[in-house]
Amino acid sequence: MATEGEYFKGISKIPYLPSAGPHDVMCFKQYNAEEVLLGRKMEDWLRFSVCYWHTFCGIGADPFGSQTLHRPWNQGTPMESARNRLNAAFEFFNKLGVKYYTFHDRDMAPEGSTLEESNRNLDQLTDLALQLQAQTGVQVLWVTCNLFAHPSHVLAYAGAQVKKGLDIAKKLGAENFVFWGGREGFYSILNTDVAAELKHMANFFKMAVRYKEKIGLKCQFLIEPKPKEPCKHQYDYDAMSVIGFLKHYGLDDHFKLNIEPNHTTLAGHSYEHDIVMASAFGMLGSVDSNTGSPDLGWDTDQFPMDTKNTTLVMKAIIEQGGLQPGGLNFDAKVRRESTDLEDLFIAHIGAMDAFARGLRNAVRLTEDGLLPGMVKERYSSFAQGLGQRVEEGTATLEDMEAYIKQNGEPKVTSGKQEKYESIFNQYI
Ligand code: XUL
Ligand code: CO
């Protein structure tokens, strides 16, 4: 029965029905929140989060066409719509069974004609958000500020906005705060002083760290790499560029990375690349779990449905012991042709099942130990003798020369890539 103020009528709490047939797309067949794998509940490995901007603010417009998605919550004044949207969002989280959400300041509350008015709008909407969080137990995975839409492109405005963003992160108990500037880059090198901009960006982050400490905000700071779009070149190009930047400016103790695979593929890497690289440096904080179309040159923010990709991601997450306090945030939008409200559920359920299956695959891969054992064996010569001294950083080039002279020409050892690939395929 539809209750008053209900937006997703006819849809009740999404059940786990592992034996449902392929036609039934409104249930989970893989994701069983309470099931324990490797000593942890599935919901704690996966920490799913719904993003506000695509799912509740998206209207299907693109540079070539206007609105196709007409949502029932977009009614009344901008503030009335914002309130309806927040109520619809919490109904969606509850029915889907997701415990986290993410938002930009300007998707939760409309921009006013001054900073003060925008801040007042945000105060009112975050009061309602706090109430809905308390009623439902749904929490903020991360907050971010939309620093890319305002027409003035003034650095001080961005600073003022981030100050307020950090205040609301504290108010709502956000577990993380994301920085994805969008405009931190350039369109033409001719009018750009790259060294000055990088220094200003680092100093901006230092201001954010100082304000966070001043207000006693306990959340993880994350930078989200993206190589381009809207800028021609963005300074936070990919995981390794951001890690280098953070280390260069002494910020690496204060930030980790929020990796979005669609951005990774835009940077010319394979889907899992930045997840693996960030994790290798202890810098993987959270994931904007989406996918692109690698044959396209722009950010399509599609729902991640490919279980090979999700298996590779979950393998890296298991290897680093989980993603907490980060999570898997669906920075993904339904296509402009997917016009039914139900499509929002179908998309999230499909992606959650793809990740749950990826988790199950990665758990089997870990428990069997076959592939991890083969990798260990491949590096075993670094566990003793000269190899061990390379590992420890005490070997010299002279040692290497002496080793070769003593042991003669090296024997060829196969890298066995096809064997690894063929074994991996048996887990997906
Ligand atoms: C843009 C993008 C953003 C960030 C938050 O490509 O991914 O939505 O995740 O600003
Ligand atoms: Co993102």
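How many bridges join strand S3 to strand S12, and do the strands run parallel or antiparallel? Select residues 48–51 (S3) and 328–330 (S12): 3 bridges join the two, and the strands run parallel. Strands here are DSSP runs (E, at least two residues) and helices likewise (H or I, at least four), numbered from the N terminus; two strands pair if DSSP finds at least two bridges between them. Within this pair, Phe-48 stands opposite Leu-328 of S12.

The model is predicted: local features need pLDDT of at least 70, side-chain atom pairs count only at pLDDT 80 or more, and totals for chains, interfaces and linings use all residues. Residues are numbered from 1 along each chain as its sequence is written, chains are lettered from A and ligands numbered from 1 in the order written, and side-chain values use heavy atoms, without hydrogens and water.

Next, show the whole barrel. It is closed, has 8 strands with parallel pairing, and runs S3-S4-S5-S6-S8-S10-S11-S12. Neighbouring strands of this sheet are turned by 30° against each other on average, direction ignored.

Now select helix H6, residues 155–172. H6 lies across S4, S5, S6 and S8, at about 175° to S5. Angles run from 0 to 180 degrees between N-to-C directions, with axes fitted to C-alpha atoms, for helices over the stretch in contact; contact means heavy atoms within 4.5 Å. Helix H7 (194–215) lies across S6, S8 and S10, at about 165° to S8.

Finish on Leu-166 in H6. Leu-166 is buried, at 1% relative accessible area (buried is under 20%, exposed over 50%, partly exposed in between; 1.4 Å probe, protein chains only). Beyond four places in sequence, Leu-166 touches residues including Phe-177, Tyr-211 and Phe-221.
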